[in-house]
Amino acid sequence: CPSLLLLSPGFLFPLRVVTIVVQSVRRLSLPHCPRTMFLSRLSRASCFAARPSAPYQSLTFTARPFSAMRFTESHEWVRKDEDGAYTVGITEHAQKELGEVVYVELPEAGLEFAQGEPVVAIESVKAAGDISAPVDLKVEDVNEKLVDEPSLINSSPLGDGWVFRASFADADKVSSLMDDAAYQEFCDNL
């Protein structure tokens, strides 16, 4: 059987890993596929890919990192965190286009920016550019690690390479940004 895709209501938090230890193979078994498992109540998760490990004693479910994110046409991503704040960074596509990032100029916490206004200056070996505000926002926190290690944007643009955290003047505008499928289609048509 191929890996099983499970869907469950709720909000997905990127890169969260949930391991479920199974007492017996019989609990997993459904006709024609001993690796298939149905879980109706996975807390705070919406999409998981299952990979069985030897010999069906444990399954690890890894959350897909894109499901809870929204994207802009200028290749920024936005993710709502558990505490209600929003984290902003650049996409995998943007970091590939930039090449090796060598410098990031971060804003000060407390500054406010209008939608589309440059928030962060970023330089790479190929080019220089800006990370713009996806919606009207107030910067709450910045990723200080990027000052000494700007390459985190290349190695982990959707994780440790996040750029800043913000509160949004109108959080409802986030839902008007592109979801995974729309962003992927947008990139495919570039």
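Student: How many of the residues in the chain are buried, as a percentage?
Tutor: Buried residues account for 43% of the 190 residues in the chain. Keep in mind that this is a predicted model.

Student: Okay, and how many helices and strands does the chain have?
Tutor: There are five helices and 13 strands.

Student: What share of the contacts join residues at least 24 apart?
Tutor: That share is 62%, counted among contacts between residues at least 6 apart in sequence.

Student: What about the accessible surface of the chain, how much is there?
Tutor: About 10600 Å², and carbon and sulfur atoms hold 50% of that.

Student: Switching to charges: how many salt bridges does the structure hold?
Tutor: It holds three salt bridges. As background, side chains of opposite charge can pair when their charged atoms come close.

Student: Which residue does Arg79 pair with?
Tutor: Arg79 forms a salt bridge with Asp81, and their closest N and O atoms are 3.0 Å apart. Both Arg79 and Asp81 are buried.

Student: And what does Arg165 do with Asp81?
Tutor: Arg165 forms a salt bridge with Asp81, with 3.2 Å between the closest N and O atoms. This pair links distant parts of the chain, 84 residues apart: Arg165 is in strand β13, while Asp81 is in the loop between β6 (76-80) and β7 (86-90).

Student: Where does Asp83 come in?
Tutor: Asp83 also forms a salt bridge with Arg165, the closest N and O atoms being 2.8 Å apart. Asp83 lies in the loop between β6 and β7 and Arg165 in strand β13, so this pair ties together parts that are 82 residues apart in sequence.

Student: Is Asp83 buried or exposed?
Tutor: Asp83 is exposed, because its relative accessible area is 55% and the cut-off for exposed is over 50%. Arg165 has 19% relative accessibility, so Arg165 counts as buried, the limit being under 20%.

Student: Which residues end up in one network?
Tutor: Arg79, Asp81, Asp83 and Arg165, joined by salt bridges that share partners.

Student: New topic: which residues form the negative surface patch?
Tutor: That patch is made up of Glu140, Asp141, Glu144, Asp148, Glu149 and Asp160.

Student: Where does Asp160 lie?
Tutor: Asp160 is in the loop between α4 (152-155) and β13 (164-168).

Student: Why does Asp160 count as partly exposed?
Tutor: Because Asp160 has 46% relative accessibility, and partly exposed covers the range between under 20% for buried and over 50% for exposed.

Terms used: Residues numbered from 1 in each chain as written. Predicted model: local features only at pLDDT ≥ 70, side-chain atom pairs only at ≥ 80, totals over all residues. Heavy atoms only, no water. Patch = residues over 30% accessible without salt bridge, like charges linked within 9 Å, V, L, I, M, F, W, Y side chains within 5 Å. Areas by Shrake-Rupley, 256 points an atom, 1.4 Å probe, with all protein chains shown as cover. Salt bridge = Lys/Arg side-chain N within 4 Å of Asp/Glu carboxyl O. Lys, Arg positive; Asp, Glu negative; His and termini not counted. Charge placed at Lys NZ, Arg CZ, Asp CG, Glu CD. Helix = DSSP H or I, 4+ residues; strand = E, 2+ residues; numbered from the N terminus. Buried < 20%, exposed > 50% of the residue type's maximum accessible area, 1.4 Å probe, protein only. Contact = heavy atoms within 4.5 Å.
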